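Please walk through this model from its strands to its core and on to its aromatic rings. Keep the sequence and the coordinates at hand.

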Amino acid sequence: MSIVIIVEGKNDKSRLKRVIQEQITILCTFGTPSSTTLEDLRKKVGDKQVYLFTDNDASGKKIRGLLCDTFPDAEQIYTRKGYAGVEGTPEEYLIQQLEKAGLEAYIIYPAPDPAFE
């Protein structure tokens with residue numbers, strides 16, 4: 001399956017790249033997307049399955065709304081209120097959310113801690 005995850009910024013992308021395989025394309029809106037940015041994203045996405053992973057704040061919700069209009073069939077991934085956006089979400093929680101979205105096959109799981117084996 002070809003998938004694309006759309007996030008807000010480069011720090012979100014960098015954070016997500018730590019827990020998801022590099023074959024997954026991660027695109028950024030770089031803030032509230034203009035109609036030109038939305039069209040560029042649509043072209044880059046093509047016929048791939050889209051997942052939206054924006055911050056749980058007013059700006060993130062606005063961006064998610066615009067993206068939902070452009071990608072009505074997109075799957076939603078959410079971070080928890082209180083975290084400093086996707087970039088400030090602990091990796092364990094990112095992994096849980098990616099699992100909920102059915103993306104287990106693409107997750108990079110951390111190596112087990114030998115102290116707990």
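β1, helix α1 (residues 10-17) and β2 form a β-α-β unit, and the unit is right-handed. This is a predicted model. β1 spans 3-7 and β2 spans 25-28. The two strands run parallel, paired over 4 bridges.

The UniProt record puts a feature, "domain: Toprim", at residues 2-86, in an unreviewed entry. That annotation may be inferred rather than shown by experiment. Within residues 2-86 the chain is 38% helix and 22% strand. The C-alpha atoms at the ends of this stretch lie 22 Å apart.

Which residues have the most contacts inside the largest nonpolar core? They are I5, L16, F53, L98 and L103, in a core of 20 residues. β1, β2, β3 (49-54) and α4 each supply at least two residues of this core. Another core lies apart from it and has 12 residues, including L41, V50, I63 and L67.

The aromatic rings come last. A pair of aromatic rings is described by the distance of the centres and the angle of the planes. The model has 1 aromatic pair by the rule used here. Its rings belong to Y83 and Y93, with centres 5.4 Å apart and planes at 65°. Planes over 60 degrees apart count as edge-to-face, so the Y83 and Y93 pair is edge-to-face. The pair links distant parts of the chain, 10 residues apart. Y83 sits in the loop between β4 (75-78) and α4 (91-100), while Y93 is in helix α4 itself.

Are the two partners buried or exposed? Y93 has a relative accessible area of 13%. Buried means under 20%, so Y93 is buried. Y83 has a relative accessible area of 26%, which makes Y83 partly exposed.

Conventions:
Residues numbered from 1 in each chain as written. Predicted model: local features only at pLDDT ≥ 70, side-chain atom pairs only at ≥ 80, totals over all residues. Heavy atoms only, no water. Phe/Tyr/Trp six-rings, centres within 6.5 Å; stacked < 30°, edge-to-face > 60°. Buried < 20%, exposed > 50% of the residue type's maximum accessible area, 1.4 Å probe, protein only. Core = buried A, V, L, I, M, F, W, Y, C linked by side-chain atoms within 4.5 Å. Pairing = 2+ DSSP bridges. Right-handed = clockwise from strand over helix to strand, strands pointing away.
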